[in-house]
Amino acid sequence: MGGTAEQIELINLTRQEGGGQQGDAADDAALELALRSFDARNATCTLEEDCSRLLSVIESAFGGVGRFNEQLRAVLLQACASSQKRRQARTPSGRDHSVKWGLSRRSE
């Protein structure tokens, strides 16, 4: 619990590294579309009782699935923007400037 969206690092697992800026832009657009259309009611579980239990927890904690969806979308869209900024700060070789200079990111 706690923390900020900026501390979340989103990593694309569907495409090989080195896809270039066009590939990154397409991936970013696809991810943003998926996040904006996310709805927990569409989630599936192997066991039906797991789905019922999860939705019950969401209802109790967030006051409804709609509110949960809104909050999750907001956090993940913010995390997506932060990840994009960090990626853009890297050199073309994929190395982070902070690594080159021996700096590290501060944990909050």
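1. To start with burial: 19% of the 108 residues in the protein chain count as buried, where buried means under 20% relative accessible area, exposed over 50%, and partly exposed in between, with a 1.4 Å probe and protein chains only. The protein chain exposes about 8,500 Å², and carbon and sulfur atoms supply 55% of that area. The areas come from the Shrake-Rupley method with a 1.4 Å probe, and for residues only the protein chains shown count as cover.

2. A word on the basis of these values. This is a predicted model, in which local features need pLDDT of at least 70 and side-chain atom pairs count only at pLDDT 80 or more, while totals for chains, interfaces and linings use all residues. Residues are numbered from 1 along each chain as its sequence is written, and side-chain values use heavy atoms, with hydrogens and water left out.

3. The protein chain has 4 helices and 0 strands, and its elements run α-α-α-α from the N terminus on. Helices here are DSSP runs of H or I with at least four residues, strands are runs of E with at least two, and both are numbered from the N terminus. Of the contacts between residues at least 6 apart in sequence, 64% join residues at least 24 apart; contact means heavy atoms within 4.5 Å.

4. Now to the pairing of α2 and α3. Helix α2 covers residues 48-62 and helix α3 residues 65-88; they pack at an angle of about 80°, with their axes 8 Å apart. Axes are lines fitted to C-alpha atoms, for helices over the stretch in contact, and angles run from 0 to 180 degrees between N-to-C directions. The two helices, α2 and α3, are therefore roughly perpendicular to each other, a label for angles of 65 to 115 degrees.

5. Which residues make this contact? From α2 come Leu 55, Ile 58, Glu 59 and Phe 62, and they meet Val 65, Arg 67, Phe 68 and Gln 71 of α3. By class, the residues in this contact of α2 with α3 are 5 nonpolar, 1 polar and 2 charged.

6. With 15 residues, α2 reaches 21 Å from its first C-alpha to its last, close to the expected 21 Å. The 24 residues of α3 should span 34 Å, and its end C-alpha atoms are 34 Å apart, which agrees. Just after α2, Gly 63 takes a positive phi of about 80°.

7. Neighbours within four places in sequence aside, Leu 55 is in contact with Ala 40 and Val 65. Leu 55 and Val 65 lie 10 residues apart in sequence, with 7.3 Å between their C-alpha atoms.

8. In α3, the buried residues include Val 65, Phe 68, Leu 77, Cys 80 and Arg 86. Gly 66, also placed in α3, is partly exposed with a relative accessible area of 30%. The C-alpha atoms of Gly 66 and Ala 40 are separated by 8.4 Å, although the two are 26 residues apart along the chain.

9. Finally, Glu 9 sits in the segment before α1 (20-36) and counts as partly exposed at 35% relative accessibility. Apart from neighbours within four places in sequence, Glu 9 is in contact with Ser 83, Arg 86 and Arg 90. Glu 9 and Gln 84 are 75 residues apart along the chain, and 9.4 Å separates their C-alpha atoms.

Terms used: Angles under 35 degrees count as roughly parallel, over 145 as roughly antiparallel, 65 to 115 as roughly perpendicular and the rest as oblique. Ala, Val, Leu, Ile, Met, Phe, Trp, Tyr, Cys and Pro count as nonpolar, Asp, Glu, Lys and Arg as charged, and the others, Gly among them, as polar. The expected span of a helix is 1.5 Å times one less than its number of residues.
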